[in-house]
Amino acid sequence: MLRSLRIYPAVLLLLLFVAFPLYWMTVTSLKPQTEVFRVPPTFLPETWTLRHYTDLFWLTDFGLLFLNSLKVCLLSTGLALVVGSLGAYALARFRVPGKEAYGRLVLLAYMFPGALLIIPLMLLFRQLELTNSHLGLSLAYLTFAVPFVMWVMRDFFASVPVDLEEAALIDGASRLGALWDVVLPQAVPGLIATGIFAFLFAWNEYLFALILISDESLRTLPPGMMRFVSTTDTNWGLIMAASTLATLPMAIAFGLVQRYLVTGLGAGGVKG
Amino acid sequence: MAGVHIERLHKQFGGKATAAVHALADLTLDIADGEFISLVGPSGCGKSTALRIIAGLEIPTSGRILFDGRDITGLEPRDRNIAMVFQSYALYPHMSVRQNLEYGLKKRGVPAAERASAVDSVAAMLQIGPLLDRRPRQLSGGQRQRVALGRALIRDPEVFLLDEPLSNLDAKLRVHMRAELAALHQKLRTTMIYVTHDQLEAMTLSDRIVVMNHGVMQQVGTPEEIYSRPANRFVAEFIGTPSMNMIEGEIRAEGGRPHFTGPGLSIALPMAPSAGGRATLGVRPEDIALVAADAPGAIPARVTVSELAGAERYHFVSLGESPIIVRTPATTVLHPGETIALGLAPDRLHLFVGTGDDAAAVR
């Protein structure tokens, strides 16, 4: 009881810190343009309006940006899960010389700043004609997503008893069959958790998306939304409405799989 | 069903010869079709490695395995037509009991109708019919054990491999499942290779026992042979509880006959070892009788402690200066400090010459 008395104020403070920007974003998107800059500010809109949202769809290409983002993110997450899981499984199960060193290198790759990668990546992609392509952007995201998936899934696979796989092998499964039938179902929480993070990373990514894609019709949300900012005029209501809508799918996804996320990250960290 | 021929099987872990661990050294063994054979020994003796090589889960460093003359050494586990029961049961947690049972058949493309009838007959045999729709975590230890057995049985394999299948069960259930396993083998007559560290399980279940230590086969034989004629000191001490009494001493010729002379005792030997060496005399606790003090060959001894173990008693006794255990019916009551006379059955004596576990039996 005493413990919770001490913890709750801290939790409340943290919640305020995290949630207030989200709240402010949502509220601002629902205020008319004239009310956005009023001093003192209003914490609830005096006049509620959906004007920014209708403008978003009628006056901008938000819908297209959203679909482009969705496509790139789903593609890169899917690829990251397949490639990363297979790599993680190999690291967890096979006796490969230099396995530990390789595992650490993977983590290093994950920590490598993207800004350093983008120039060489740009040159490479231009030669491969992967610029201005959703596939190309998805592949670029794998530089971060695959190491992340590998790093987390490796612990997941290591915590699945080897006996299960061996039983499947004797029962008539191939290596890949055993992985698919027996190991992956045990690692579903991990797949969901890592998948969400890989998706989230791609969804929020700005730099790669800005540089690798110059074709307006192929742009994704973060660089696309930047065009709502111009030198003479910034329509904050519009930006906030776009941000709110961009946050929504992630919020819903988190809500749906929260249960897996907690068990997932927990099980990955502590074996058994 | 198949006979299994194991030829010079060798397994070492770790690449370089200097640092390598020899998990299994030069195992050669013939297992008859339908035989129940146990590999028994302490942990790390190579019994599980041998089983895993037969299963195809480990690749031997050298050697061959043949099923009915077919060389299967290089085959994948799934191509060997074997079934294995794991110590941990290894039931697939996300599948129901029914799905667990039929997984192997499904992988081999057996049609659904056939699978269903196979599941039903195995479930009936193991009395797990009511459990078919449950998940493994909803089952008790004994039930999981049955399902694991069922998953192996349903495939009708040529060779059955069992890796310590009973060691996770409590004592009472273990005795029960042991009897069921014996009955199952009686009925199926499939070749079964059973790995255990429990010598009692090996004794009660097996047609033959292979005793192993440090990766080397020590002795192979029927339970009677292993128990009454152990080939070396390791086998003698490993098999039987309480284990065989060992008395250190030497061989001397007295009056033209070889005698074993230990601290405070001298016993005429029925076997004829060469005189003059160190030796160890072995005698099982039940092969020692209480005799009258003036009986021929009687050896005086002092009782230290007596333990009642239900139907029998174990008496801890000093024979000369050597501590030994004597096993009698529970009705024989001895008191600490009491002086008694013991007679050793001459035809039940074991003599081991050499050092350590490898000391060989002299007959």
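**Figure 1. Helices α2(B) and α3(B) cross at roughly 130° in this predicted model.** The axes of the two helices come within 10 Å. At that angle α2(B) and α3(B) are oblique to each other, and their crossing is right-handed. On the α2(B) side, look for Arg98(B), Leu101(B), Glu102(B), Leu105(B) and Lys106(B), which meet Arg115(B), Ala118(B), Val119(B) and Val122(B) of α3(B). Sorted by class, this contact has five nonpolar, no polar and four charged residues.

**Figure 2. The buried residues of helix α2(B) pack against elements of both chains.** Helix α2 of chain B covers residues 97-107, and its buried residues are Val97(B), Asn100(B), Leu101(B), Glu102(B), Tyr103(B), Gly104(B) and Leu105(B). Which elements do these buried residues pack against? From chain A comes α8 (162-171), and from chain B come α3 (112-126) and α4 (141-153).

**Figure 3. Tyr89(B) sits in the loop between β6 and α2 of chain B.** Is Tyr89(B) buried or exposed? Tyr89(B) counts as buried, because 23 C-beta neighbours lie inside 10 Å, and the cut-off for a buried residue is 20 or more. Setting aside neighbours within four places in sequence, the contacts of Tyr89(B) are Arg144(B), Gln145(B) and Ala148(B). For a sense of scale, the C-alpha atom of Tyr89(B) is separated by 20 Å from that of Lys106(B), 17 residues apart along the chain.

**Figure 4. Strand β6(B) is covered on both faces.** Ile82(B) and Met84(B) are buried on one side, and Ala83(B) and Val85(B) are buried on the other. Strand β6(B) runs parallel to β7(B) (residues 159-163), and four bridges join the two. Within this pairing, Met84(B) stands opposite Leu161(B) of β7(B).

**Figure 5. Four strands of chain B form an open sheet in the order β2-β1-β4-β5.** The pairing in this sheet is antiparallel. Strands β2 (21-31) and β5 (70-71) of chain B stand at the edges, each with a single partner strand, so one side of each has no neighbour in the sheet.

**Figure 6. Helices α7(A) and α10(A) pack with their axes 10 Å apart.** Helix α7(A) spans residues 134-159 and helix α10(A) spans residues 188-204, and the angle between them is about 160°. They are therefore roughly antiparallel to each other, and α7(A) passes α10(A) in a right-handed crossing. From α7(A) the contact takes in Tyr141(A), Phe144(A), Ala145(A), Phe148(A), Val149(A), Val152(A), Met153(A) and Phe156(A). From α10(A) come Gly190(A), Thr194(A), Phe197(A), Ala198(A), Phe201(A) and Ala202(A). In terms of class, the contact of α7(A) with α10(A) has twelve nonpolar, two polar and no charged residues.

**Figure 7. Each chain can also be viewed as a whole, starting with the 13 helices and zero strands of chain A.** The C-alpha atoms of chain A fill a box of roughly 70 × 65 × 30 Å along the principal axes, and 33% of its 272 residues count as buried. Chain B has eight helices and 21 strands. Its C-alpha trace spans about 80 × 50 × 35 Å along the principal axes, and buried residues make up 40% of the 363 residues in chain B. Among contacts between residues at least 6 apart in sequence, 78% in chain A join residues at least 24 apart, and the corresponding figure for chain B is 64%.

Notes:
Residues numbered from 1 in each chain as written. Chains lettered and ligands numbered in written order. Predicted model: local features only at pLDDT ≥ 70, side-chain atom pairs only at ≥ 80, totals over all residues. Buried ≥ 20, exposed ≤ 12 C-beta atoms within 10 Å, placed from the backbone. Contact = placed C-beta atoms within 7 Å. Axes fitted to C-alpha atoms, helices over the stretch in contact; angles between N-to-C directions. Parallel < 35°, antiparallel > 145°, perpendicular 65-115°, else oblique. Left-handed = near helix turned anticlockwise from the far one by under 90°. Nonpolar A, V, L, I, M, F, W, Y, C, P; charged D, E, K, R; others polar. Pairing = 2+ DSSP bridges.
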